[in-house]
Amino acid sequence: TVRVEGHTDSDPIRRSNWKDNWQLSTERALAVVRHLTTSGGIDARNVYAAGFGQHAPKAPNTSAAGKARNRRVEIVIVK
């Protein structure tokens, strides 16, 4: 099983169609899930998306470099 995790920085959403960072992170993960299942040969029954918003940062959101590290997708092999 593969979990695709979407993450964002802590900046509030201002000018986009996403309601908030939760939605952005989930859409980010879903884009990867779609790619893996349509082009990557991964069986859709074995993969799912999870959005964490800004709540699991890798770096402080106090600099541009830190924010860039936090805008990411992680692919986790569950079992």
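How many salt bridges does the structure hold? The structure holds six. A salt bridge is a side-chain nitrogen of Lys or Arg within 4 Å of a carboxyl oxygen of Asp or Glu. Side chains of opposite charge can pair when their charged atoms come close.

The model is predicted: local features need pLDDT of at least 70, side-chain atom pairs count only at pLDDT 80 or more, and totals for chains, interfaces and linings use all residues. Residues are numbered from 1 along each chain as its sequence is written, and side-chain values use heavy atoms, with hydrogens and water left out.

Helices (H or I, at least four residues) and strands (E, at least two) are DSSP runs, numbered from the N terminus. Strands E1 and E2 run parallel and are joined by five bridges. Two strands pair if DSSP finds at least two bridges between them. Gly6 has Gly51 in E2 as its bridge partner. Together, E1, H1 and E2 make a right-handed β-α-β unit. Right-handed means that, with the strands pointing away from the viewer, the path from the first strand over the helix to the second runs clockwise.

The largest nonpolar core has six residues: Val2, Val4, Ala29, Val33, Leu36 and Val47. Such a core is a set of buried Ala, Val, Leu, Ile, Met, Phe, Trp, Tyr and Cys residues joined through side-chain atoms within 4.5 Å. Buried means under 20% relative accessible area, exposed means over 50%, and partly exposed lies in between (1.4 Å probe, protein chains only). E1 and H1 are the elements that give two or more residues to this core. H1 provides the largest share, three residues. Leaving aside neighbours within four places in sequence, Ala29 is in contact (heavy atoms within 4.5 Å) with Val4, Glu5, Gly6, Ala49, Ala50 and Val73.

His7 is found in strand E1. His7 counts as buried because its relative accessibility is 2%. Again leaving aside neighbours within four places in sequence, the contacts of His7 include Ser25, Arg28, Phe52 and Gly53. Arg71, Arg72 and Glu74 are also among them.

These three residues return in the salt bridges. Asp9 and Arg71 meet through their side chains, at 2.7 Å from N to O. This pair links distant parts of the chain, 62 residues apart. Asp9 is in the loop between strand E1 (2–7) and helix H1 (21–38). Arg71 is in the loop between helix H2 (64–70) and strand E3 (72–77). Asp9 is buried, with a relative accessible area of 7%, whereas Arg71 is partly exposed at 39%.

Glu74 forms a salt bridge with Lys58 (3.4 Å, N to O). Glu74 lies in strand E3 and Lys58 in the loop between strand E2 (47–51) and H2, so the pair ties together parts that are 16 residues apart in sequence. Lys58 is partly exposed, at 47% relative accessibility. Glu74 also forms a salt bridge with Arg72, whose closest N and O atoms are 2.8 Å apart. Arg72 is buried, at 13% relative accessibility.

Lys79 is found in the segment after E3. Its relative accessible area is 82%, so Lys79 is exposed. Lys79 and Asn46 are 33 residues apart in sequence. In space, the C-alpha atoms of Lys79 and Asn46 are 9.5 Å apart.
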